[in-house]
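Open the model in your viewer and keep the selection panel at hand.

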Number of protein chains: 2
Amino acid sequence: MDHPRDAARGGQRARPGRSAAAGWVSSRPRAERAREVADVLRQQITSGRFPDGVLPDEYSLGQRLHASRNAVREALGLLRNEGLITRRRGVGTTVVLPKYGHGLDRLAGLAEALSGHGAVTNEIRAAEAVTELPAVIAERLGVPAAAGGVRLERLRWLDGLPLSLDSSYLTTDVGTRVLAGDLVGRDVFSLIEETSGHRLGRADVAVHAVTADPDTAALLRIEAGAAVFALERLTHLADGRPVDAESIRIRADRMALRTTLHRGVPPASG
Amino acid sequence: MDHPRDAARGGQRARPGRSAAAGWVSSRPRAERAREVADVLRQQITSGRFPDGVLPDEYSLGQRLHASRNAVREALGLLRNEGLITRRRGVGTTVVLPKYGHGLDRLAGLAEALSGHGAVTNEIRAAEAVTELPAVIAERLGVPAAAGGVRLERLRWLDGLPLSLDSSYLTTDVGTRVLAGDLVGRDVFSLIEETSGHRLGRADVAVHAVTADPDTAALLRIEAGAAVFALERLTHLADGRPVDAESIRIRADRMALRTTLHRGVPPASG
């Protein structure tokens with residue numbers, strides 16, 4: 001429903017080259033302004049601008065963001081649908097969960113990346129030797145299927161809630177030693193380095209955004225259809241040998257991926 | 001519905017430390033195996049392993065992936081829900097769209113990143129000077145709100161379908177010159193460098209996964225509720241001055257984000 005103030009401003013679309021008034025109280029359709037307001041608020045929430053987790057009321061947000069109250073309300077609805085905030089009469093708008101940034105700048109395990117934010121603990125769903133690797137996994141790891149390997153699946157918890165579901169196939173030599181390590185408390189990366197005596201080198205990563213299937217949703221305790229990151233990560237030892245083929249699902253309401261990109265040539269790959 | 005072969009194998013869960021049989025014909029719940037099969041197929045589809053866009057039939061896929069036909073069928077259902085494949089009786093399973101990789105290794109515009117894959121064209125939705133910046137945007141750009149700026153919004157098309165919706169605020173000096181450039185055919189990054197005479201330096205990027213609101217969905221021609229990437233990107237000139245604050249929505253069925261991560265220290269930031 002359009003508020004009369006909104007309606008009075010509606011109808012006209014900004015045209016290329018035309019100088020326009022400021023910000024989000026403008027002649028643009030409300031859905032567009034709401035999207036922009038949601039983007040700004042998401043950025044502020046994720047960067048910790050509301051340290052007590054309470055957002056100002058709609059009127060104050062509107063003032064602060066130069067937006068109409070209706071656009072603010074619609075933006076808050078979008079962020080509620082993302083699972084980022086809750087809205088309750090008498091309580092106001094509060095941030096559900098801090099959203100952590102996981103760096104895409106360097107290769108780090110989750111516990112490493114979140115050190116200082118809280119302890120990551122792992123619920124082990126699978127940790128076993130397999131006598132034969134699925135053919136496509138063997139191919140990615142550069143070993144024959146008959147070489148076998150180690151399958152790990154861990155649900156990773158932070159602050160009492162699931163954060164990600166990590167499924168890995170490791171090569172037999174590296175994986176067998178990792179199986180003997182503290183899989184509940186440690187990152188696999190540090191276990192690999194510690195037990196193999198080799199440093200890790202590079203990892204090839206592909207990030208997908210998908211909606212959670214019912215099974216994944218139940219494990220991660222989110223609603224089916226919620227957005228999650230699906231990462232493919234193939235990690236190599238410093239000598240270039242691939243040892244860890246992972247598939248990771250990350251709750252997108254709890255984590256953003258961050259990186260700093262540089263113009264010019266990419267760093268030499270290992 | 002469980003196929004009898006599946007049921008006969010069901011009931012037992014793999015336990016830590018226990019050596020298990022190979023791959024995806026196993027005692028694990030079918031939803032888990034389907035998820036793994038879907039991950040492998042997504043990886044293969046995205047990396048161009050089915051160049052004619054046609055997937056083998058369920059039986060052949062099962063053979064190839066060591067998976068039961070029911071797990072394969074369920075996996076294909078997941079990928080269909082992601083918009084990656086279609087399934088039609090008599091035609092089989094086909095890839096809907098090639099999924100492009102956008103490098104998160106270095107700072108590049110979309111057209112640059114996709115050069116060789118096809119021509120990106122831009123539908124200009126806004127290209128205008130604004131007399132006052134929204135306060136939070138001004139803060140990100142490190143200028144007073146009263147300095148104004150330039151607002152750009154472009155829907156970016158590749159192969160006759162929308163790929164992303166890019167909304168930017170540029171500083172006045174840089175933005176005014178960009179407004180005079182070929183916004184239909186060019187990346188904003190190359191226009192900034194060309195018209196300002198300055199090289200770009202670094203960009204701070206945060207990647208979120210969200211579900212598309214109805215307005216975004218209509219623009220990107222996807223279903224509301226489909227997963228999309230929402231990127232925040234703040235781009236600086238080589239001298240460190242921020243000039244371009246962007247909010248980008250990318251169709252996640254058409255694009256994966258790729259990077260190579262290295263263990264050890266991150267590259268020095270500019």
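Start with E7(B): with three residues, it gives the most to the lining of the largest pocket. Strands (E, at least two residues) and helices (H or I, at least four) are DSSP runs numbered from the N terminus. A pocket here is an open set of points on a 1 Å grid over the protein atoms alone, where a 1.4 Å probe fits, with protein on both sides within 12 Å along at least five of seven lines; lining residues have an atom within 4 Å of a point.

This is a predicted model: local features need pLDDT of at least 70, side-chain atom pairs count only at 80 or more, and totals for chains, interfaces and linings use all residues. Residues are numbered from 1 along each chain as written, chains are lettered from A and ligands numbered from 1 in written order, and side-chain values use heavy atoms, without hydrogens and water.

Centre on A:Asn81, A:Glu82, A:Gly83, A:Ala226 and A:Asp253, which lie nearest the pocket centre among 22 lining residues.

Next, select the open, mixed sheet of eight strands: E4(A)-E5(A)-E6(A)-E9(A)-E8(A)-E7(A)-E10(B)-E3(B). E4 (120-130) of chain A and E3 (100-103) of chain B each have a single partner strand, so one side of each lacks a neighbour in the sheet. Strands pair if DSSP finds at least two bridges between them. Ten bridges join E4(A) to the antiparallel E5 (149-158) of chain A. Pick A:Asn122 there; opposite stands A:Arg156 in E5(A).
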